Amino acid sequence: MYHDFPRNASFWSFLRAVDDDLAAETRKKGCSCGGRLHSANYLRKPRGTPAKLSEQECLRLSFCCDRDSCRKRTTPRSVRFLGRKVYLGAIVILISAMRQGPSPRRVRELSARFGADESTITRWQTFWREHFPQTPFWKVARASLVPVAEILTLPYSLVDFFLSRNRRCRGWTLLLQFLSPITVPGALQTKVSQ
Ligand SMILES: [Zn+2]
């Protein structure tokens, strides 16, 4: 049922625009030391993108503090990049979810299209099954879904939750925004660092 997301370039440009907004919010807050944030984006080379993306669209937006005594990097939330994963977040979610969905046969087709091999997909599934549920984000965020959605399998239940209630583009955008807190560096750590 949810075997696809919008593949046209305009959807990816739209996600970039959402990232711009998230970045602007972060920049406004400034550095925790009180310094101002300057752009210090880095270029990612996401694999398997459905449309040909420009270099602009592959930038992971990020900032650096302008105080010499600090220079701390601040990286805002993103609806495009999921942590350090090479693939765009939507692809990691979609392919993992499809394998759990009603038509696992389509996974082969999808993974061929995006060039993700078997072992990559297995890693993603381990991530969703074992790692993601242990994150501080999910422990809190799942409470906002549980009264309405039965969370049986991740990430399929998430895709189902957002896409069964919304049109495709909007559903994907809401899902990616929901997950965006886990895209900042350190957010996927499950151990509390002292
Ligand atoms: Zn600073």
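Buried means under 20% relative accessible area. Keep that cut-off in mind for this tour of a predicted model.

**Stop 1**

Select helix α1, residues 9-29. Now pick out Arg-16 and Asp-20 within α1. They sit 4 residues apart, about one turn of the helix. Zoom in on their side chains. Arg-16 and Asp-20 form a salt bridge, and their closest N and O atoms are 3.0 Å apart.

Is Arg-16 buried or exposed? Its relative accessible area is 14%. Buried means under 20%, so Arg-16 is buried. Asp-20 has 32% relative accessibility and counts as partly exposed.

**Stop 2: a bridge across the chain**

Stay on helix α1 and select Asp-19.

Arg-80 has a relative accessible area of 3%, so it is buried. Asp-19 is buried too. Its value is 3%.

**Stop 3**

Select Arg-71 and Asp-68. Their side chains also meet in a salt bridge, 2.5 Å from N to O. Keep the surface on. Asp-68 counts as exposed, at 65% relative accessibility. Arg-71 is partly exposed, with a relative accessible area of 46%.

How many salt bridges does the count come to? It comes to 7.

**Stop 4: two packed helices**

Hide the side chains and show the helices. Two packed helices are described by the angle between their axes and the distance between the axes. Select α2, residues 89-100, and α4, residues 118-131. They pack at an angle of about 85°. Their axes are 10 Å apart. Angles of 65 to 115 degrees count as roughly perpendicular, so α2 is roughly perpendicular to α4.

Now bring the side chains back at the contact. On the α2 side, select Ile-91, Val-92, Ile-93, Ile-95, Ser-96, Arg-99 and Gln-100. On the α4 side, select Glu-118, Ile-121, Thr-122, Trp-124, Gln-125 and Trp-128. These two sets meet. Colour them by class. Which classes does the contact of α2 with α4 have? It has 7 nonpolar, 4 polar and 2 charged residues.

Notes. Residues numbered from 1 in each chain as written. Predicted model: local features only at pLDDT ≥ 70, side-chain atom pairs only at ≥ 80, totals over all residues. Heavy atoms only, no water. Axes fitted to C-alpha atoms, helices over the stretch in contact; angles between N-to-C directions. Parallel < 35°, antiparallel > 145°, perpendicular 65-115°, else oblique. Contact = heavy atoms within 4.5 Å. Nonpolar A, V, L, I, M, F, W, Y, C, P; charged D, E, K, R; others polar. Salt bridge = Lys/Arg side-chain N within 4 Å of Asp/Glu carboxyl O. Buried < 20%, exposed > 50% of the residue type's maximum accessible area, 1.4 Å probe, protein only.
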